[in-house]
Amino acid sequence: MSKTDLTELARTLLANGPHKMEKTARRIRCMFDNKWIFDTISAYHVWEHPYYPQYYIESREMLSKLSKYSNIDNGDAAFLATLNGENKKTDRVVIFEKGRLAGLTRLEFGAMDAWFEEDQPIYQHPKDPYKRIDILPSTRKITIKIGDTILAESTLNMFLFETMLRTRYYMPKTAVRWNYT
């Protein structure tokens, strides 16, 4: 996608909104220039077209500084931006400040070094959650308690993501403190 295409996409999204958007329960992380640029559980699936979503990140979740360099709409609704690493940079970033996507940042998927859902790398684009179920390994800590008593605790978990259902969490049997069961 060229700079012109990215600008046109942003203008279309400002004028018409996305086809669909929804928050995801997945932990999403991204690496650029060998550094994490965000690590969030507040990402959005945004369908820019009907086929599959892209991840949009809440701007406040960015760990790396973005530099705005071009106003997209002759107003203050969206801006092209540059992400600067120590050894490289990319201008494949759009920051939305007004409209349905206000407060969100779009990073060109292919311009980043690596993307992760939980602890699993993803390639080319995010998967459409309406066309699949996923069981992903995760190092997010899960603790099960009654009052102050910990019954189970683990960072070696599997998360089951199914469309329209809450995430289900699975941990190994070794994480259970059996003396309380």
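**Charged side chains in close-up**

At 10% relative accessibility, aspartate 128 counts as buried. The views below are taken from a predicted model.

**View 1. Aspartate 128 and lysine 131 form a salt bridge.** The closest N and O atoms of the two side chains are 3.6 Å apart. Whereas aspartate 128 is buried, lysine 131 is exposed, with a relative accessible area of 61%. Elsewhere among the charged residues, Arg26, Glu117, Lys127, Arg132 and Asp134 are joined into one network by salt bridges that share partners.

**View 2. Lysine 127 is paired with glutamate 117 in a salt bridge.** A distance of 3.2 Å separates the closest N and O atoms of this pair. Lysine 127 belongs to the loop between strand E11 (120–122) and strand E12 (134–138), while glutamate 117 is part of strand E10 (residues 114–117).

**View 3. A salt bridge connects glutamate 58 with lysine 23.** The closest N and O atoms lie 3.6 Å from each other. Because glutamate 58 is in strand E5 (residues 54–58) and lysine 23 in strand E1 (residues 20–23), the pair ties together parts that are 35 residues apart in sequence. Glutamate 58 counts as buried, at 10% relative accessibility; lysine 23, at 45%, counts as partly exposed. In total, the model contains 22 salt bridges.

**View 4. Aspartate 33 is buried yet has no salt bridge.** This residue is located in the loop between strand E2 (28–32) and strand E3 (35–40). The side chain of aspartate 33 instead reaches two backbone nitrogens: that of glutamate 86 at 2.6 Å and that of asparagine 87 at 2.7 Å.

**View 5. The surroundings of aspartate 33 include glycine, charged residues and asparagine.** With residues up to four places away in sequence left out, aspartate 33 touches Gly85, Glu86, Asn87, Lys88 and Asp113. Among these, Glu86 and Asn87 supply the backbone nitrogens reached by the aspartate 33 side chain.

Key. Residues are numbered from 1 along each chain as its sequence is written. This is a predicted model: local features need pLDDT of at least 70, side-chain atom pairs count only at pLDDT 80 or more; totals for chains, interfaces and linings use all residues. Side-chain values use heavy atoms; hydrogens and water are left out. A salt bridge is a side-chain nitrogen of Lys or Arg within 4 Å of a carboxyl oxygen of Asp or Glu. Helices (H or I, at least four residues) and strands (E, at least two) are DSSP runs, numbered from the N terminus. Buried means under 20% relative accessible area, exposed over 50%, partly exposed in between (1.4 Å probe, protein chains only). Lys and Arg count as positive and Asp and Glu as negative; His and the chain ends are not counted. A polar contact is a pair of N or O atoms within 3.5 Å; within protein, one must be able to donate a hydrogen and the other to accept it, and residues adjacent in sequence count only if both atoms are side-chain atoms. Contact means heavy atoms within 4.5 Å.
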